[in-house]
Amino acid sequence: MGDYDEDTAFLGQAGPYFWTTFCLLNTIFISTGFNGLYIIFVGAAPEHRCLIPEVNLTAAWQEAIIPVTQVNGHEARSQCRRYNLEVVRNLSDKGFAPGSDVNLTGLEQEGCLDGWSYSKDIYQATIVTEWDLVCDNQWKVPFASSTMFVGYLLGSLISGQLSDRFGRKKIIFISLAAQCLSVLLQSFSQSWRMFCIMFLFVGASQISIYVSAFVLGTEVFSKTLRVIFTTLGAFLFYCIGYMMLPWIAYGIREWRTFLAVLSATSVVYIPLWWFIPESPRWLITQGRVAEAEAIVRDAARKNKNEAPLVIFRGSESPPPGRVYTMLDVLRSNNIRCITLMCLVLWMAINVGYFGLSLNTSNLSGNPFINCFLSATAEVPAYIVSTWLLKKCPRRALLSTFLFIGGGVLLLIQFIPTTLEYVALALEMTGKFGFTMAFSIVYIYTAELYPTVLRNVGMGMCSSAARIGSITAPYVIYLGSYNKALPYILMGSLTIASSVVNFFLPETHNTDLPETLDQMQECQGYVATVNLFLKGNSLENSGFYYRFFKRQVFPFLSVLTIPSLL
C-alpha cells in the first residue's frame, strides 16, 4: 500500500470530522479514570476497635477495655486487641475502677474475638467493614489492589493481539461491556475471593480499553491532532474521570451501590458505536480497502473536502523483513544496558505514581478532597510536560522531575504532624513530579529504541511498569507498621532511578533510529561526567543551567510555594 498520510492529505489537518471524533474518543478515557482507582474508597479502612458484646460493664470499663498503644510515637486505642473480657467483667462486677484500683498494664489481653465495630463518620460500608479486612487480615486489601494490576498485565499482553485481529473499534466496545459487567458482578461479591477474581477482569478490560482507544486515535487522526491526542488528550480526559471519582464516592458512601453506579456509567458509551469509526489503516491491512475508502469519503464529506476518485493507490508490497524478538534485546551489550535501565525507570515511576494515588485515603484530612487534589495535580503536569518536551533534553528533564518527586517524599517524614497541610502540599508536589516523569518516560523510551525493536522494547518496559504497579499496594501497606516507611522506600527508589537515568543517551533533536546500528551508545560513568564538565559539553551544561534557571525553576516555585503557604 501507499503512504496513508499522503493518500488522505486532502482531508486537511483539522475539521469537523477530526474534532468530533477527537472529543468522542477522548470521552472513553473518562471511564478509565474513575474505574481505575475506586479501590481508594472501596478498600478504605475506617476507624475501628474491638467489638464489645452486650455484657454488664460499667461505663469506665467499657472505655478502658481497649488498651492504649503507641502508634507512630503517639498514644492511641488499640484497633486489634482488648483486655480479656471475662477478667474485665469480674473486675467490673466487684466494683473495681480501672486505673485507680487496677493496674491495666498487668491485665491479660486477647484479640477481637467478637469482631470489630467501625466508625461510620466517613464511610457507611466498605469491603473492609464487610469482611473484617483489618489486623491479621489487613494484607488482603493490598492483595485485592494488586489483582487489578495483574489484570492490567494480562490485558496489556492480549489486547494488542485481539485488536490486530478483530479491529480497534470492536475491542474497545467489547472491553467497555466487559468492564461494565465485571464491575457490576463485583458489586454483588459474596466474598473477598470473588471480589479479587472480578477485579482481575476489571483490570484486564481497563487496560484493553485504554490501549485500543489510544491506538485507534493515533491511526485515525491527522498528524496535528495525533500529537495533541497522544501527548495531552488521552491523559487529560483520564484526569477528568479521576477528578470525578471522589465526588461520586462522596455522594455514595456504601461500596456496593457505589460500584453499581460506576458500572452503569458505561451505558452512556453505547451510542458512540455509531459515531466512532473503525481505523482505516487497520482495514487496509486486512484487505478491506472498500470499507476504508467509505470511512475516508465520509470524513471528506463532513470536512467539506472533495475526495479523489481513487483514494488508496496500491503498490507492490516490500519483501517481508526479519522479525525481531525479545532475544534480540539480549544479544547486544549496549541494548541490554539501555533496556535494564529503562526497566528500572518504568518500575520506579509506577511504584511512586500508583503508590501516591492509592495512599490518598491514608492522608490526614478529608479523603475525598485529598483524592481530588491528587488528580488535579496531574493536569498541569501533563500540560507542562507537553511544552517542555519540545524545548529541552529528555535526560535532564526526566532526572530533574524524578529527583523532585523522590526528594519531597523523603522530606515528608520530617514534617510535624501539626503541619498536615504542608505534608499534603509536599505529597501533591511529589505526585506532580511522578506524573511529569510518567509522561516523559513514554516518549523518551520510544526515542531510545530503533524501529525494528521499538514495539518489543516498549512491551518489555510496559511489563516492568505493571510489576511496579502490582508492588505499589504493598509499599503502601508498609505504612501500617511505620508511617514513614512507604515514603522512604518510594523516595529512595526514585532518587536512585534519577541517577540511573543519567547513563542513558540523549535523544533530543536527534532522528529516530531505524536499525540496531543507528541506536545510540549507552553512557558510561566517565562519559556522563564529561558530558556536563568537559570540552564541548560545557556548552550543553550551560544550556541546561540556563534553561532550568530561567524556565523550570520559576515554574516550580509558582506551583509549590503557594501550596506551602
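These legends describe close-up views of a predicted model. Because the model is predicted, local features need pLDDT of at least 70 and side-chain atom pairs count only at pLDDT 80 or more, whereas totals for chains, interfaces and linings use all residues. Residues are numbered from 1 along each chain as its sequence is written, and side-chain values use heavy atoms, with hydrogens and water left out.

**View A. Phe41 and Phe368 form a stacked aromatic pair.**
The structure holds 30 aromatic pairs, where rings of Phe, Tyr and Trp (its six-membered ring) pair if their centres lie within 6.5 Å, and planes under 30 degrees apart count as stacked, over 60 as edge-to-face and the rest as tilted. In the pair of Phe41 and Phe368, the centres are 5.3 Å apart and the planes make an angle of 10 degrees. Phe41 belongs to helix α3 (residues 39–42) and Phe368 to helix α16 (residues 367–376), so the pair ties together parts that are 327 residues apart in sequence; helices (H or I, at least four residues) are DSSP runs, numbered from the N terminus. Phe41 is buried at a relative accessible area of 4%, and Phe368 is buried at 3%, where buried means under 20% relative accessible area, exposed over 50% and partly exposed in between (1.4 Å probe, protein chains only).

**View B. Tyr238 and Tyr242 form a tilted pair.**
The ring centres of Tyr238 and Tyr242 are 6.2 Å apart with the planes at 55 degrees, so this pair counts as tilted. Both tyrosines lie in helix α10 (residues 223–251), four residues apart, which separates Tyr238 from Tyr242 by about one helical turn. An α-helix has 3.6 residues a turn, so residues three or four places apart point the same way. Tyr238 and Tyr242 are both buried.

**View C. Lys140 and Arg253 each lie over an aromatic face.**
Lys140 lies over the face of Trp192, 5.0 Å from the ring centre, while Arg253 lies over the face of Tyr250 at 4.6 Å from the ring centre. A charge sits over a ring if NZ of Lys or CZ of Arg is within 6 Å of the ring centre and within 35 degrees of the ring normal.

**View D. Helix α18 is mostly covered.**
Helix α18 (residues 394–412) has 19 residues and reaches 27 Å from its first C-alpha to its last, close to the 27 Å expected at 1.5 Å a residue, the expected span being 1.5 Å times one less than the number of residues. Of the 19 residues in α18, 16 are buried.

Terms used. Helices (H or I, at least four residues) and strands (E, at least two) are DSSP runs, numbered from the N terminus.
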